[in-house]
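This report describes one protein for a reader who is new to structures. Please look at the sequence and the model first, then read on.

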Amino acid sequence: MKFFLALAALSLFGWSHDVLARTEFTVEESAIECIRVIGPVPELREMSRRVEKMDPGRMVGFVVKLSTKANRRALEAFADVTDSPHEGFQQSRNGVIRLDLSSAGGEFRDASGAKTPTLPRDRFVLFIMSETVAAHIATQRSKCGSRMRFDKAPFEQLLRGNRETLRGMLDQERR
């Protein structure tokens, strides 16, 4: 049972070494226009402790807005688009979007949660990563919603769904 839960977690959040993903679109820090922290995700921290045997620190869900060019290229990269279980979102069946922050330093390279199968919605993408990563991006970019209208409600719902999935996986492992 533990193996199944670990495999499910790896595929859900893209922690694997692209064994399951055939397409990987990389978003570099320069393509991020703004950031908005949505909320904490303690379940991913616990999953990381159990699966990777390391503590990444406090985990948060945050949304980044991509540049028009990066958004267009990301959507063009995936031919296998399907509706997400979360209303109003689409995802790739065989690919992920990876947030590359290696220009910020080695500590952010291959950080937990840096991949998502959920495609951009109105140029916005949700990632669940360490609070340190979100804080770093926030020092480099403005807050989404400070200059433009940003509806965070669908992303809060997506984050709640991800947290419920993780909570269910953690509960199954305990049995």
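## The open sheet

Four strands form an open sheet in the order β8-β3-β2-β9, and their pairing is mixed. Its edge strands are β8 (124–130) and β9, each of which pairs on one side only. Strands here are DSSP runs of E with at least two residues, helices are runs of H or I with at least four residues, and both are numbered from the N terminus. Two strands count as paired if DSSP finds at least two bridges between them. Strands of a sheet pair through backbone hydrogen bonds, either parallel or antiparallel.

Strand β2 (residues 32–40) runs antiparallel to strand β3 (residues 59–66), and seven bridges join them. Within this pair, C34 has K65 of β3 as its bridge partner, and R36 stands opposite V63 in β3. Strand β2 also pairs with strand β9 (residues 142–143), this time in the parallel sense and over two bridges. There, I35 stands opposite K143 in β9.

## The model and the whole chain

The model is predicted: local features need pLDDT of at least 70, side-chain atom pairs count only at pLDDT 80 or more, and totals for chains, interfaces and linings use all residues. Residues are numbered from 1 along each chain as its sequence is written, and side-chain values use heavy atoms, with hydrogens and water left out.

The protein has five helices and nine strands. Along the sequence they follow the pattern α-β-β-α-β-α-β-β-β-β-β-α-β-α. Of the 175 residues in the protein, 48% are buried. Buried means under 20% relative accessible area, exposed means over 50%, and partly exposed is in between (1.4 Å probe, protein chains only). The accessible surface of the protein is about 9300 Å², and carbon and sulfur atoms hold 46% of it. Such areas come from the Shrake-Rupley method with a 1.4 Å probe; for residues, only the protein chains shown count as cover.

Among the contacts in the protein with a separation of 6 or more, 76% are between residues 24 or more positions apart. A contact means heavy atoms within 4.5 Å.

Which residues have the most contacts inside the largest nonpolar core? They are F62, V64, L99, F127 and I137, in a core of 23 residues. The elements that give two or more residues to this core are β1 (23–28), β2, β3, α3, β6 (95–100), β8 and α4 (131–140). Strand β3 gives the largest share, four residues. A nonpolar core is a set of buried Ala, Val, Leu, Ile, Met, Phe, Trp, Tyr and Cys residues joined through side-chain atoms within 4.5 Å.

Setting aside neighbours within four places in sequence, V64 is in contact with I32, C34, I35, R123, F124, V125 and F127. A second, separate core has 19 residues, including I38, F155, L159 and L166.

## Helix α4

Four residues of α4 are named here as buried: V133, A134, H136 and I137. They lie on the same side of α4 because they cover an arc of only 160 degrees around the axis. The arc is that of the directions from the helix axis to the C-beta atoms. An α-helix has 3.6 residues a turn, so residues three or four places apart point the same way.

The buried residues of α4 pack against β2, β3, β6 and β8. At the start of α4, a side-chain oxygen of S130 comes to within 3.1 Å of the backbone nitrogen of T132.

N71 is in helix α3 (residues 68–77). Is N71 buried or exposed? N71 has a relative accessible area of 12%, so N71 counts as buried. Not counting residues up to four places away in sequence, N71 touches L66, P120 and R123. N162 belongs to helix α5 (residues 153–174) and is also buried, with a relative accessible area of 12%. The C-alpha atoms of N162 and V41 are separated by 9.0 Å, although the two residues are 121 residues apart along the chain.

The loop between β7 (115–116) and β8 contains D122. Phi of D122 is positive, near 55 degrees, in a residue other than glycine. With 63% relative accessibility, D122 counts as exposed. R123 is in the loop between β7 and β8 and has a positive phi of about 75 degrees, although R123 is not a glycine.

Definitions and conventions:
A polar contact is a pair of N or O atoms within 3.5 Å; within protein, one must be able to donate a hydrogen and the other to accept it, and residues adjacent in sequence count only if both atoms are side-chain atoms.
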